[in-house]
Amino acid sequence: MKNIVILISGGGSNMAAIVRAAERDRWAERFGARIAAVVSNKAEAGGLALAKALAKAHGIATAVVPHKEFPTREAFDEALAKAVDAHAPALLVLAGFMRILTPGFVGRYAGRLVNIHPSLLPAFPGLNTHQRAIDAGCKVASVTVHQVTTELDHGPILAQAVVPVLPDDTAATLAGRVLAQEHQLYPRAIAGWLSDTSCHIR
Ligand code: GRF
C-alpha cells in the first residue's frame, strides 16, 4: 500500500476533500494508495480537529510538530521529517501548509512532494495572491498544483483550474470561489500522480 501523508497549518478543507475523494474514488483498490497521516505544525489548526474526526472514520493518524518549539528551520524540518517518515510516505501532500521548507527537506522528498497554490503560477507566488490578482486587474484567478522544488511556489505544474474575477470581488469572495476549485483539482491531480506512478511500477 502506498502511503500518503498530508501536511496542514490551517482549516484543512483541502485535506478533507482529499480524504473524501480517496474514499469515494476507491484509491486503495485503484492505486493501492491510502491517506496514512495528517501532520500539522499548529496544535490549534482547525484542520487538525477535522483530521481527528476523520481519523476515527478512516483510520488516519494525526500528529502535531509545533514549529514554535524549534530554534531553527532546520531543527523543525528534521522533526517534521521524523513524524512524516514514521508513515513511509510514497507521496507527501502540502495542503495549506504555511511554512517554507528547507532545501534539505525538499530534497529528501524530491519527486514525491506536491503543493497547492492559489494562483496561476508562475504568476503571484507567495502570499496574498487574491488581493494581488484583484489589484493587477486580472480577469481570471486560478489555482495550481505543482511539484515542490527548492524555489518557493515553483516546480513542474501538475494541474491548474481557472475562475472568473468578478467586478465587485474582494479577496475573501475570490478566495472562496478559488477554494471550491481547489477541492476538485487537488484530489484529481493526486489521483493523476498515483495513476502515473502505478503505471511505472507495473
Ligand atoms: C488554500 O487556499 C491553499 O491553496 C492555500 O491556503 C489555503 C488552505 O486552505 N495555500 P485549507 O487549509 O485547505 O482549508
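1. Areas were calculated by the Shrake-Rupley method with a 1.4 Å probe, and for residues only the protein chains shown count as cover. Val-140 belongs to strand 6, residues 140-147; helices (H or I, at least four residues) and strands (E, at least two) are DSSP runs numbered from the N terminus. With a relative accessible area of 42%, Val-140 is partly exposed, where buried means under 20%, exposed over 50%, and partly exposed in between (1.4 Å probe, protein chains only).

2. A word on what you are looking at: this is a predicted model, in which local features need pLDDT of at least 70 and side-chain atom pairs count only at pLDDT 80 or more, while totals for chains, interfaces and linings use all residues. Residues are numbered from 1 along each chain as its sequence is written, and side-chain values use heavy atoms, with hydrogens and water left out.

3. Now the charged pairs. Side chains of opposite charge can pair when their charged atoms come close. The structure has four salt bridges, each defined as a side-chain nitrogen of Lys or Arg within 4 Å of a carboxyl oxygen of Asp or Glu. One of them links Arg-24 and Asp-25 at 3.0 Å, N to O. Arg-24 is exposed at 59% relative accessibility, while Asp-25 is partly exposed at 27%.

4. Arg-26 deserves a look of its own. The side chain of Arg-26 forms a salt bridge with Glu-29 (2.9 Å, N to O), and Glu-29 is exposed at 62% relative accessibility. Arg-26 sits in the loop between helix 1 (13-24) and helix 2 (27-31) and is partly exposed, at 42%. Please also check the backbone here: Arg-26 has a positive phi of about 50° although it is not a glycine.

5. Which residue does Arg-177 meet in a salt bridge? The partner is Asp-169, at 2.7 Å from N to O. Asp-169 is buried, with 11% relative accessible area, whereas Arg-177 counts as partly exposed at 23%.

6. On to the ligand. The residues around the ligand are Gly-10, Gly-11, Gly-12, Ser-13, Asn-14, Gly-96, Ile-116, Pro-118, Leu-179 and Glu-182, each with a heavy atom within 4 Å of it. A polar backbone atom of Gly-12 is 2.8 Å from a ligand oxygen, one of Asn-14 is 2.9 Å from a ligand oxygen, and a backbone N or O of Gly-11 lies 3.3 Å from one. Taken alone the ligand exposes 370 Å², of which the protein buries 81%.

7. Ala-36, in strand 2 (residues 33-40), is buried at 6% relative accessible area. Leaving aside neighbours within four places in sequence, Ala-36 is in contact (heavy atoms within 4.5 Å) with Asn-3, Ile-4, Gly-59, Ile-60, Ala-61 and His-87. Val-19 is 17 residues from Ala-36 in sequence, with 9.9 Å between their C-alpha atoms.

8. Is Ala-51 buried or exposed? Ala-51 is buried, with a relative accessible area of 0%. This residue is part of helix 3 (residues 46-58). Not counting residues up to four places away in sequence, Ala-51 touches Met-15, Val-38 and Thr-62. By contrast, the C-alpha of Gly-104, 53 residues away along the chain, is 27 Å from that of Ala-51.

9. Asn-115 falls in strand 5 (residues 113-117) and is buried at 10% relative accessible area. Beyond neighbours within four places in sequence, Asn-115 contacts Leu-94, Thr-144, Val-145, His-146, Val-148, Asp-153 and Tyr-186.

10. The peptide bond from Leu-121 to Pro-122 is cis, with omega near 15°; Pro-122 lies in the loop between strand 5 and helix 6 (129-135). Ala-88, a residue other than glycine, has a positive phi near 40°. Ala-88 is in the loop between helix 4 (73-85) and strand 4 (89-94) and is exposed, at 56% relative accessible area.

Technical notes. Polar contact = N/O pair within 3.5 Å; in protein donor to acceptor, adjacent residues only side chain to side chain.
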